[in-house]
Amino acid sequence: MTDPQPPGTLSDQLLDRAAPDRTAFEDLVVVPILAVFIALVLGALTMFATNVDLPTIGRSYVALLEGSVGSLSAISETLTAAMPLTLAGLGIALGFRAGLFNIGAEGQVLIGGMAAVIVGFSFDGLPAAIHLPLALLAGAIAGGLYASIAGWLRAATGAHEVISTIMLNLISYRLVDYLLRLDFIQREGRADPISRSVLETAELPRLLTWIDANLRLHAGIFLMLAAVVVIHWLLFRTKLGFEFRASGASPDAARYAGMRAGLIIVLAMGMAGALAGLAGANQGLGVLGRATPGFSAGIGFDAIAVALLGRSHPYGVLLAGLLFGALEAGGRQMQVDAGVSIDLIGIIQALIIVFIAAPLLVRSLFPWAFRKLAKVGRE
Amino acid sequence: MNNGLKLAVGSVVAAFCATAVMAADFTACQVTDTGGIDDNSFNQTAWKGVQDAEAELGVGARFLESQAETDYEANINSLIAGDCDIIITVGFLLGDATETAAKANPEQKFSIVDYAYDPSIPNVLGQVYATDEAAFLAGYLAAGMTETGILGTFGGINIPPVTIFMDGFHRGAAYYNQQNGADVTVLGWNPDTREGLFTNNFDSLDDGRAFAQNLYDEGADIVLPVAGPVGIGSAALADELGVDALKIIGVDADLYETDPEKGHVYLTSVTKRMDSTVYDVIERALNGKFEGGVLVGTLESGGVDLAPFHDFEDAVPDELKQQLEAIRAGIIDGSISVAE
């Protein structure tokens, strides 16, 4: 991720060694901020190109800001949208760290969410203190096991996880369709695929309904924050996390150092799936209170972008998740206030990713924002 | 300099305020389902009702598209915060979210397309349609037009506002068989077991193509896709195969008009005039005559109908047209029952 040793003068090299974090800092912080900025500018140009007049463009960005952080309900919506993205994004980041490109979060979200909802509407009479953790655990385990299939295929047969997770996504869509038609899952009196409603004891309680009944912020936020801290600790403070990172940086070196490559792959995929499963449980138990075929709503794919934007660092993923949550909540307001299509938010998100993925492009567009040495280093 | 800046800021603020003042006193807002506002059928027809009201009654109009079902509740909430006088939610799938929002905000007027609450909610007016009456005519027409003796249909999701089309279509074809001693079969829906072909979404054009291809492979030469924009995928297939091999019957809007590029493949459309009921609801709310309950669109009220044949005007035999007129009259006066 950091540039190779710059072939500058000796003093430059010494300087670089003295402050090694500078380039890393620029990559981690400056590039994403500038990427967001360029994306917003290009978004405005896109609107302009589709015959949106200037005051409307101005109004739409004001609405974007208002709808994401401008009021209590806006913040509540931003956080609500950020939760599943951050959880699933953490899973994908964990995979990246271990050298695995997990495209399967969408399927893991679905399977985890289904399991959580099934546990959530079963077991009538359990106290919430047991029922809710049980439902969340079911989501994590189901998502984890589902992802482990791809991990096991990789470890045992060498089947590439990109292919197998994409295939598992497709299987999960049909599996959920099938599950939702089973008598004990399908809601009574309905012919369409929709599950029974989650019991109150398994719902992630809404936190702000005492202020306004329409505020959707729910207890999943604690789940999200805890997951960020735990994954950070796991990655950077434990032996297992070191093994993940070592396998990601150089699988051969890790193997020669005596690490069990196969086990690490299965474990990393399993944990990534567990986090995606929690994201699904978060939606099933906190937002919808039921499951339907489309409840994953592309979270698993957006989460890939979140993990990339967050540079696979847990705190970065949290910030990226919040940004994407803000874009989603603000995009809604943009549509209400300025009548600008919500598709524009998709364009802005995609542009952000393009620029994140091309740090050199960002550096050449904004040379003044970066240390000279980095520029010398490229020449 | 400073004054200049103030002036500039002031004029910008004034511009914003001006647009706010220009907005109408009464605003009607629509929340779509995941099909989107430009789906050529379901959401678009309802939106046309709002736009008609905007043009003729001078009300303000806004819409909000749902990208996923997790958006329904949030979208309704952001419209509640956005000073809408009436919120129109489009689609059966928004039933739960609308109910929750209506109960939490008893002062806010709601109207939902394709959903009737039992018992009714005082601030929600449901709009439902006797679509089977018009689909019955379409089934009869298709049975009279098919050359292979096989018709096909498929739905978006197995929910009442979708299957009512398929019921009517099936029974219309059965009525044709009974009247004319024919043996036309309908693939894709069994009205007794309530099972049939469903794409399980309302947005995949690829599914629309694949499902129509399957029905065509089974011999169907006229297909009724009941899945909003999914049917556009079926129309693309019919366009490639040629209308002699496969014809499509549109739903919701007259697709000959809303999908003009592929207009020639539509034998007719089973129209569900959501625009007229939505307009009606807005007018009621504007005049203070709004009350909760159910509004039913029928063949008699013009809420549902069979669209003109357009390019097939000459292809449909006059005898069949006369029979359809007779059946229409029979359904309206009650002598022909579309429900079995």
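How far apart do the C-alpha centres of domain 1 of chain A and domain 2 of chain A lie? In this predicted model, the separation between the two centres is 30 Å. The domain assignment of chain A places residues 1-52 together with 343-379 in domain 1, and residues 77-339 in domain 2. Where the two domains touch, 10 residues of domain 1 of chain A and 10 residues of domain 2 of chain A take part in the contact. On the domain 1 side, helix 2 (21-49) and helix 14 (343-357) of chain A each contribute at least two residues. Helix 14 of chain A gives the most to this side, with seven residues. By class, the domain 1 side consists of nine nonpolar residues and one polar residue, with no charged residues.

The axes of helix 4 (72-97) and helix 8 (residues 220-237) of chain A come within 9 Å and cross at roughly 20°. An angle under 35 degrees counts as roughly parallel, and helix 4 of chain A and helix 8 of chain A are therefore roughly parallel to each other. The crossing of helix 4 of chain A with helix 8 of chain A is left-handed. From helix 4 of chain A, the residues that meet helix 8 of chain A include Leu79(A), Met83(A), Leu87(A) and Arg97(A); their counterparts in helix 8 of chain A include Gly220(A), Ile221(A), Met224(A) and Val228(A). The residues of this contact comprise 11 nonpolar, two polar and one charged.

Helix 5 of chain B passes helix 6 of chain B in a right-handed crossing. The contact of these two helices of chain B has 14 nonpolar, seven polar and four charged residues.

Turning to the interface between the chains, 26 residues of chain A are in contact with 25 residues of chain B. On the chain A side, helix 3 (54-69), helix 4 (72-97), helix 11 (261-288) and helix 13 (314-338) are the elements that give two or more residues. The largest share of this side, four residues, comes from helix 13 of chain A. The side of chain A that touches chain B is made up of 11 nonpolar, nine polar and six charged residues.

Conventions. Residues numbered from 1 in each chain as written. Chains lettered and ligands numbered in written order. Predicted model: local features only at pLDDT ≥ 70, side-chain atom pairs only at ≥ 80, totals over all residues. Contact = placed C-beta atoms within 7 Å. Nonpolar A, V, L, I, M, F, W, Y, C, P; charged D, E, K, R; others polar. Axes fitted to C-alpha atoms, helices over the stretch in contact; angles between N-to-C directions. Parallel < 35°, antiparallel > 145°, perpendicular 65-115°, else oblique. Left-handed = near helix turned anticlockwise from the far one by under 90°. Domains from an automatic or database assignment.
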